[in-house]
Amino acid sequence: MRDSGRDPALAPRDMARLRQQMSRGATRRDVMRMLTASGMTIAAAGMLATRATRAHAAAPQRGGDLRVAGSSSSTSETLDPARFGKGTDYARGFMIYNGLTRLDGDLAPQPELATSWDSADGRVWVFKLRSGVTFHDGRPFTAEDAVWSVLRHNDPETASRARAYTGAIAEAVASGPLELTVTLSEPNYDLPVIFGTFNLMIVPAGTTDFSRGIGTGPYRLTEFEPGVRSVAVRNENYWKDGLQHVDTIEYFGLPDESSRLNALRAGEIHLTTGINPRSSKLIERDRGIELFVTRSGTFSDLYMQKTDATVGSEDFAAGIKALLPRDVIRSSIYRDFAEIGNDQPIAPSMKYFDDGLAPSGHDPEKAVYHLKKAGVMGQAIPLVASAGVGNTLDMALILQQAAQEAGLQIDVQRVPVDGYWSNVWMKRPFGFGTITQRPTADMIFSLCYKSDGPYNSSKWQDPKFDQLLLAARSERDETVRAQHYADMQALVRDGAGTAIPVFFSNIDAHSAALKGLEPIPTGNMMGYAFAENVWLDPA
Amino acid sequence: MTRLIAKRLLLGLLTLWLVATLVFAVSGALPGDAAASILGQDATAETLAALRAQMGLDDPLALRYAHWLGGILQGDFGLSLANGRPVAEVIGTRLPNSLLLAGLSTLVAIPVSLALGIASAMRPDSVFDRLTTFLSVLALSTPSFLIATLTVLVFSVWSGLLPALSNIDRAEGFGGTLRVMALPVLALSLSVIGQMARMTRAILIGALSEPYVETAILKGTSPLRAAILHALPNMAGPIVNASALSLNALISGVVFVEVIFAYPGLTKLMVDSVATRDLPVMQACALIFCAGFLILVLVADIVAILANPRLRSAG
């Protein structure tokens, strides 16, 4: 099982195909042959074949009290979907609420509280809603609840974290008791995906006090103390059949990684998250616990602001991109739980990733050429980094070392994580950011690379890119759309002042008795939607 | 003595006010505010402004300070900015946990460290004394989080004797409470026992070489009796004062225990409140820690006075 971590498994798509083969009666050997034929090593294929067989063979068990430890705890934890901001919030959200749609392992929207949807022009959308669904307090779910849950994000008083995505919603009305019509100010074919994101979960119309956590979800909240813990019990009136295997879910945050692992090894929790790649060896040695790795599109980028006289030149950016020793970063920081990136934000595991785009390689000679042209040799270039922001400080030190060998002096300035996002990130010209996986290419590009994007950290302006982004958003033809996204990836890689060395995987750990986890790249622990999917195997 | 206590209480109130004012002033210098912390990376100018207005963060610091002080004088600690709940309620769920942890640790730490200290002082440089010294220095110089993690490894991961997490809300009955408290109390006591035993030993050895103790021993008193009945009362003042300083760490210095054992106490709450810039909660925690310290020092002084006949009768 050594390779279980080494390879962040297959893309969800491939895994699904594997499982399909298994259900058609393919044996473990068939699967092995299929995988090795596609160029995979025997060891890796063996592990995957085992996993696929096991996942298919195991039948869900009902019952048991599930205990899960998240990786952070704060008194600011909330049950208001609009304010969800951390994994603890998302995980609780999926226990008690549903979205109109949900995102599957390929990040495609699937029916949830909406059964179907359609739009002729990408501007006016009609969602048919599920009938016979009730909230935990017995109220029936209607289109009014959907309207209210969607529109509240546009009220500044709500202080919604989804404001950036929902700004284009001009109107939402109940066009029938179970029909929602949404009108956008500009066409967007990703609306059903947006409706599947964490912040857009559905609450009863008129809710202002969210402390009771009334939703339509699989579990009913019985106890919640922000920063301490929550307890939820099975909702016996849930509209889905055959899910919700465990009886109760206790969820709490444990910010210290070694306490999480110790609690897991001592059998006091069944599932935990935020595992440092460095701990993978320890977990692989322990027979009672297993790793659960999800390929994701989360990355830490090194940004160089175009507005800065020193680091803003095209040559500087090209030099740094060629200088980054990506394979060292992948192997020494992430222990190979990462994929090499090529300075654009669409990960290989995502839809619209352009595999025709040549990877950005480590090329010291090219780096020296560009850095000399940029006229920075002999200067000390300040780079801010914080030990509390992912592994960016380690990255900074690796870059510093590579730069020194090339003759460039980088002065790594360490800053505390406290206040980092408000005072350092995007305020200093040369530093690091971290962008978690977003479900669509459009969201990432709009946030991080559009000229007026709120996270446009390198302050990059390219009218051609902005045009392509709008064109892709309102393009119904998949081939044309994919081409637009491929062009954008090339533009960002070569033009923007961001270096993206690797995309790193989400790593969770769970007891061997916990079954049913499937990778969903929007986050750890099945995109935080483990609640209604996992079960405890008594054996 | 009543006058002394009254004077101390008055000075204590003054200190509390100064601390609160200082915390208020310093918090203004922290980067970011509660609204920015709640919205994080997703903040937009519009939502930030709306949230700030809801929280009353637009008012000048002096005005907010006046509001807060006015509230406190009427017993109203305000609302938590992080989750909108009354601060008194938030504190109310955490304070008993902190007191329980500190109380149990004190019950373990004081007798053990006094016994170790006295026994070592009786036979300086004996094998027992050297062993105690070695272990005390080891416990003192090992970082507390390491002690806590090691106790978890030994007592729960490897042996499965005790729970690794201190889930006080799920503990059933008195026995259950003792079980979940065992490891945090052990980790916490270990870190103060070393210090208190060392101090007791040092203070007592000095006293044992005084002429009055020698006289007592020459008159036939057993060394143990001489140490406990003659030397110890004279040294009670310094020992109790030094112990008060150590015990204070059991209330305000236990954040590592609360984090490692997921124990919902006050220090974790305070750290959280600083991270979320939740000023009302931060203030309330600071006041409680400060008050706890003042009370311990006051109790130490009273004990010292009671143990000293000259001071006892003085007023």
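**Two helices crossing**

I began in chain B, where the axes of helix H5 (residues 87-122) and helix H8 (residues 173-208) come within 6 Å and cross at roughly 35 degrees. Axes here are lines fitted to C-alpha atoms, for helices over the stretch in contact, and angles run from 0 to 180 degrees between N-to-C directions. Helices are DSSP runs of H or I with at least four residues, strands are runs of E with at least two, and both are numbered from the N terminus. I noted the crossing of H5(B) and H8(B) as right-handed, meaning the near helix is turned clockwise from the far one by less than a right angle. By class, their contact has 20 nonpolar, six polar and one charged residues. Nonpolar covers Ala, Val, Leu, Ile, Met, Phe, Trp, Tyr, Cys and Pro; charged covers Asp, Glu, Lys and Arg; the others, Gly among them, are polar.

A reminder to myself: this is a predicted model, so I kept in mind that local features need pLDDT of at least 70, side-chain atom pairs count only at pLDDT 80 or more, and totals for chains, interfaces and linings use all residues. Residues are numbered from 1 along each chain as its sequence is written, while chains are lettered from A and ligands numbered from 1 in the order in which they are written.

**Chain B overall**

How many helices and strands does chain B have? I found 14 helices and zero strands. The C-alpha atoms of chain B fill a box of roughly 85 × 55 × 35 Å along the principal axes. Of its 315 residues, 37% are buried (20 or more other C-beta atoms within 10 Å of the residue's own, with C-beta atoms placed from the backbone; 12 or fewer is exposed, and in between is partly exposed).

**Where A meets B**

I found 35 residues of chain A in contact with 40 residues of chain B (contact: C-beta atoms, placed from the backbone, within 7 Å). On the chain A side, H7 (163-166), H9 (257-265) and H15 (420-423) each supply at least two residues. H9(A) gives the most, with five residues. That side has twelve nonpolar, 13 polar and ten charged residues.

**Cores**

Which residues have the most contacts inside the largest nonpolar core? They are Ile249(A), Leu204(B) and Val257(B), in a core of 185 residues. A core is a set of buried Ala, Val, Leu, Ile, Met, Phe, Trp, Tyr and Cys residues joined through C-beta atoms within 7 Å. H8(B) brings the largest share, 16 residues. Leaving out residues up to four places away in sequence, Ile249(A) touches Leu66(A), Val68(A), Met95(A), Tyr219(A), Ala232(A) and Ala531(A).

**Strands in chain A**

Strand S1 (residues 65-70) runs parallel to strand S10 (residues 248-253) of chain A, joined by six bridges; two strands pair if DSSP finds at least two bridges between them. Arg67(A) stands opposite Glu250(A) in S10(A). S9 (residues 229-234) of chain A pairs with S10(A) in the antiparallel sense, over five bridges.

I then looked at an open, antiparallel sheet of four strands in chain A, in the order S4-S5-S7-S6. Its edge strands are S4 (114-119) and S6 (169-176). Helix H6 (residues 143-151) of chain A packs on the sheet, and its direction makes about 175 degrees with that of S6(A).

Note on methods:
Two residues are in contact if their C-beta atoms, placed from the backbone, lie within 7 Å.
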